[in-house]
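This report describes one protein chain, from its overall fold down to single residues. Please look at the sequence and the structure before reading on.

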Amino acid sequence: MVYDKNVEVARHERLIAKSSCRLDLDHYLETLVRKPGAFPGATALEQARSAGKFTPVHDAWWTAAVRAHGDTEGTRALIEVLLLGRHIAHEHLVAGLATALRAGALTADAVALEARKAAQTEDEPTADIPLPRAAAGSGSATVTFLHEWKLHHLPPDTRPLPSVTPYDQLLRRRRISGGDHQEGEAQ
């Protein structure tokens, strides 16, 4: 354990073997999101795989994301998903990855929403939460995209549409007052 003025700031597994080291993938995500090319060969990734924290579902989603978005953006999307693990329980994140993968939704937003739905289903098994369905893939997997969910829960916008009439009047005044000289001429 690591403390800062009597407050625990980190906890690491105790290693028994002499000169051994354990890297936590989470500690490297901010750097890897900027340099996604370093992710596939990262020692921290291999250790996360061997510890069972990076599952075959993660690998399958990553493979599909790379196919859809290319190496750099697909890997970056996976790293964004891994960053969600700081706020979402691991089992819910894996469930969200699996649902998003089945539906072909290869964005971190889709995984986040599906993981939260999995967590909510676990907490409230009888609750029926109406959400708009945005995409349907093979089987029964459906995904609601985060931006559509947010829009669905916003109050209606009752403001009047904006008008550019005052700006048009300013342009007319400029043309009338500027008739004596042309712009850019030296006087």
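## Overall architecture

The model is predicted. The protein chain contains eight helices and four strands. Read from the N terminus, the order of elements is β-β-α-α-α-α-α-α-β-β-α-α.

The chain has 187 residues, of which 27% count as buried. Among contacts between residues at least 6 apart in sequence, 52% join residues at least 24 apart.

## The largest pocket

The largest pocket has a volume of about 540 Å³. Its lining consists of 22 residues, and those closest to the pocket centre are D24, L25, D26, A48 and K53.

Two helices, α2 (43–50) and α5 (90–103), each supply at least two residues of this lining. Sorted by class, the lining holds nine nonpolar, six polar and seven charged residues.

## Aromatic pairs

Three aromatic pairs are found in a search of the whole structure. One of them joins F54 and W62, with 6.2 Å between the ring centres and 85 degrees between the planes. This pair counts as edge-to-face because the angle between its planes is over 60 degrees.

Both partners are buried by the cut-off of under 20% relative accessible area: F54 has a value of 4%, and W62 has a value of 10%. Ring pairs also bring in F39, so that F39, F54 and W62 are linked into a cluster.

T55 is located in the loop between α2 and α3 (56–69).

Which residues does T55 touch, leaving aside its neighbours within four places in sequence? T55 is in contact with H90 and V94. V94 lies 39 residues from T55 along the chain, and the C-alpha atoms of the two residues are separated by 7.9 Å.

Technical notes:
Residues numbered from 1 in each chain as written. Predicted model: local features only at pLDDT ≥ 70, side-chain atom pairs only at ≥ 80, totals over all residues. Heavy atoms only, no water. Phe/Tyr/Trp six-rings, centres within 6.5 Å; stacked < 30°, edge-to-face > 60°. Buried < 20%, exposed > 50% of the residue type's maximum accessible area, 1.4 Å probe, protein only. 1 Å grid on protein atoms, 1.4 Å probe; cavity = no way out; pocket = protein on both sides within 12 Å on 5 of 7 lines; lining within 4 Å. Points joined across faces, edges and corners; volume = space filled by probe spheres on them. Nonpolar A, V, L, I, M, F, W, Y, C, P; charged D, E, K, R; others polar. Contact = heavy atoms within 4.5 Å.
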